[in-house]
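Reader: I have a chain open on my screen and want to go through it piece by piece. Can you take my questions as they come?

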Amino acid sequence: MEEKNRFSKLLEQLMTEAEVKNYTLAQELQYDVSYISKWISGRMMPAEKTERRVLGGICHCIVSSASEEGLLELMTDYSIDNPEQLELAIYDHLSAEYNYVRSQEKNANASIGEKTLYYPELSMSQYMEKKQHPVLRRVKSLDVIALVDLMALDHENRQSFISMEGGNVSVKTEHTYPDVRYSVIIDLSGKNWDDIYDTLFLIHTMATSQHINFQIYSNIRACGRAVFVVNNDFLLCGMLNENNRCISVVVSEDSKSCSTIYENLKGMLHQDAALFQKVSVRDMIENRGYMYSLIASNKRWLLGHMTEAFLPEDLFEAMLEQASALDSTISDNQDAIRKLYTLNKNIMDVSELRVMIYESAWSEWVIYDQLDFYGKMLSVSQEQKCEYLKSFLEFCESHKNVEVRMVSGTFVPDLLYADHQSVFLSDKVTYLRLDSGRRQMSVVTRSDMKAIMDRFYDAAWEYREGLVVSDWEAIRGSILHTINMIQITDGLKA
């Protein structure tokens, strides 16, 4: 018997989970039940001219007619808790599988074996199109490894390769997908590293991938490679040439081939190869990561949000009380956090510190009300915002050992997520505090990545005047303007 195609397998799986009978679906679509049987068996596909109507009807029937238990199982599979969103997710998945089967029929002449196609050469846009395989719609038990010379790609293709967009996994949602594991192995040894763009790209990537189990590793074997493999399901493998094209490309759904390549790449995922180690706020506090970063020399901060570091004492206590009521990590470590706050204040009184702050960190306070308190975003009142900013001005003007510069725009317009991240560098500890709402820090673990972060900060610090502002009066004027705007919007007199 001929093996079912991907569309028929998915349709059968969905109907089985939902406990929807062929007859029920046939009635919904006003088709003879024999058509449903042929779609499920793989002997026939819905006609292309009726694809949207038929697939939409299938999705609606599966969700509306599903048993209570079946509906819950489907919601779990797609990590969705809303029937309307579930219907859209199933439609996207079915549509992807349908279009994939149709495209495979058209590419039959590229076949070199069972479930395997070969292309002598593809443009990067063609490669990226192949990469958007329907299996990426799965958000349950998805294991992906890529070995790619990522930093050798142009900016557009680099973002396309690293992204899991196009599937049901999206950075725009509040959902997290712990069962989606995506490991990317890259080469850091390139001679043409852009200290600003390339480093911000990595920060941007870490920030936009916090909703999945994501990690970046370094291995020189990634040089010239473009390999993307989903364990047991899908393999896309090729070599990059100097013309930003991919040669000798193999596309395979052969389970054995996919598993073999996956296991080979998995052997490169050593802990000492990881660029970052994800740690929780609790770990940073209890294992003294925060403390080591404070007492270290050569401290340099890039702040995407106003943080606990410059809180006046009474406002610190108010924020600590608010955070303790919301988060057990904070409430369980109140004494330790007070000691960290005091230690930070004492060190900033005597230790040299360079601070770059995005102007948006305070200007957005006119509309928004978020303060980064040890990785926890807290709401602050209009009065508290003004108190904080006035205290910050007094601190800067009375501490000549602290040099402050303002980033008045964005370093890289197409990496906007990088603007709201905070980076803390020192000779001992360097880490990212990512604006993801997921309370994780990413500690730099490799010496080569640490050197990259150091070069990035030095280059950003000396970036062109106008974007990175060193004139204190201009910085002071921006903060005072924000205070006035906050007071006006609150109905207070300036």
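**Overall picture**

Author: Buried residues make up 53% of the 494 residues in the protein chain; buried means under 20% relative accessible area, exposed over 50%, and partly exposed in between, with a 1.4 Å probe and protein chains only. This is a predicted model, where local features need pLDDT of at least 70 and side-chain atom pairs count only at pLDDT 80 or more, while totals for chains, interfaces and linings use all residues. Residues are numbered from 1 along each chain as its sequence is written, and side-chain values use heavy atoms, with hydrogens and water left out.

Reader: How many helices and strands does the protein chain have?

Author: The protein chain has 19 helices and 18 strands. Helices (H or I, at least four residues) and strands (E, at least two) are DSSP runs, numbered from the N terminus. The C-alpha atoms fill a box of roughly 80 × 50 × 40 Å along the principal axes.

Reader: Start at the N terminus. What caps α1?

Author: N5 caps the N-terminal end of α1, with a side-chain oxygen 3.0 Å from the backbone nitrogen of F7. Just after α1, E19 takes a positive phi of about 60°.

Reader: What span should α1 have?

Author: The 13 residues of α1 should span 18 Å at 1.5 Å a residue, and its end C-alpha atoms are 18 Å apart, which agrees. The expected span is 1.5 Å times one less than the number of residues.

Reader: Which residues of α1 are buried?

Author: Among them are F7, L10, L11, L14 and M15. The buried residues of α1 pack against α2 (22-29), α3, α4 (51-65), α5 (68-78) and α6 (83-106).

Reader: At what angle do α1 and α3 cross?

Author: The axes of α1 (residues 6-18) and α3 (residues 33-41) cross at roughly 115° and come within 6 Å. Axes are lines fitted to C-alpha atoms, for helices over the stretch in contact, and angles run from 0 to 180 degrees between N-to-C directions.

Reader: And which residues meet there?

Author: S8, L11, E12 and M15 in α1 meet I36, W39, I40 and S41 in α3, where contact means heavy atoms within 4.5 Å.

Reader: Which strands pair with β6?

Author: β3 (residues 142-148) pairs with β6 in the antiparallel sense over five bridges, and V144 stands opposite V230 in β6. Six bridges join β6 to β7 (residues 234-240), also antiparallel, with F228 opposite L236 in β7. Two strands pair if DSSP finds at least two bridges between them.

Reader: What about the β6 and β7 hairpin?

Author: Three residues lie between the strands of that hairpin, and N232 takes a positive phi near 70°.

Reader: Next, T116. Buried or exposed?

Author: T116 counts as buried because its relative accessibility is 13%. T116 is in strand β2 (residues 116-123), and a polar contact of 3.1 Å joins its side chain to that of S252. A polar contact is a pair of N or O atoms within 3.5 Å; within protein, one must be able to donate a hydrogen and the other to accept it, and residues adjacent in sequence count only if both atoms are side-chain atoms.

Reader: Last one: what do the buried residues of α13 pack against?

Author: They pack against α14 (328-331), α15 (334-350), β12 (370-373), β13 (376-379) and α17 (382-398). The buried residues of α13 include L315, F316 and M319.
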